[in-house]
Amino acid sequence: MTSDPKKEVLTRLEELKMPCQIHDHSPILTVEEGRKIAAGLSSLCCKSLLVKNKKKFFLIVLESNKRFDSKAVAKQIGCGHLLFASAEDLRNKLNTFAGAVSLLGLLFNEEKDVQLIFDEDVLKAEYIDCHPCINDCSLKMSVADIIGKLLPQLGIEYKTIQMA
């Protein structure tokens with residue numbers, strides 16, 4: 001993991017001309033804390049989970065109030081049994097750690113071997129919160145900018161799923 005992932009994320013976003021609102025805070029340890037911060041920023045609190053099967057990694061982004069159902073996700077994306085990625089996988093693939101995972105970790109996935117999956121309700125939000133690979137800062141970002149600017153500039157395609 002790089003020594004200052006937040007600085008690297010902010011630098012990359014600036015280079016990519018991706019606007020965001022920066023909100024520094026105490027380290028978030030629970031989803032409830034994240035929801036409070038998101039409410040104060042008028043954005044959607046998401047949870048991001050790095051999972052894998054025997055062949056591939058998937059970054060699942062869903063609303064924080066939804067339960068992750070690995071069987072339902074595996075069925076929708078057409079893959080076998082999904083497991084949570086290890087701490088080492090989080091470091092190596094997204095330059096982050098448990099509790100700070102976000103789609104911004106894809107900035108560090110040079111191999112482009114992590115498939116991005118959004119719950120369709122996340123894409124309906126105007127703004128979402130993303131950690132810059134640490135859990136003491138949240139970035140309010142426009143979903144339209146993420147989908148229309150950031151992901152295309154990074155050459156990242158995404159799939160959608162529907163979680164209950």
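**Cores and a sheet, questioned**

Biologist: Which residues does L59 touch, leaving aside those up to four places away in sequence?

Modeller: In this predicted model, L59 touches S48, L49, L50, L94, V101, S102, L103, L106, V114, Q115, L116 and I117. These count as contacts because heavy atoms lie within 4.5 Å.

Biologist: Good start! What makes a set of residues a nonpolar core?

Modeller: The residues must be buried, of nonpolar kinds such as Leu, Ile and Met, and joined through side-chain atoms within 4.5 Å; buried means under 20% relative accessible area. The largest such set here has 37 residues, and L59, L103, L104, L116, I128, M141 and L150 are those with the most contacts inside it. Elements giving two or more residues to this core include α1 (5–15), β5 (114–119) and α5 (143–154). The largest share, five residues, comes from α5. Another core, of 14 residues, lies apart from this one, with L49, I60, I77 and M163 among its members.

Biologist: How do you know that β1 and β7 pair?

Modeller: Pairing needs at least two bridges, and β1 and β7 are joined by four, so they qualify.

Biologist: Why are β1 and β6 called edge strands?

Modeller: The open sheet has the order β1-β7-β6, and β1 (21–24) and β6 each pair on one side only. Neighbouring strands are turned by 25° against each other on average, direction ignored.

Biologist: Which helices meet this sheet, and at what angles to β7?

Modeller: α1 lies across β1 and β7, at about 20° to β7. α5 touches β6 and β7, its direction making about 75° with that of β7.

Technical notes
Residues are numbered from 1 along each chain as its sequence is written. This is a predicted model: local features need pLDDT of at least 70, side-chain atom pairs count only at pLDDT 80 or more; totals for chains, interfaces and linings use all residues. Side-chain values use heavy atoms; hydrogens and water are left out. Buried means under 20% relative accessible area, exposed over 50%, partly exposed in between (1.4 Å probe, protein chains only). Axes are lines fitted to C-alpha atoms, for helices over the stretch in contact, and angles run from 0 to 180 degrees between N-to-C directions.
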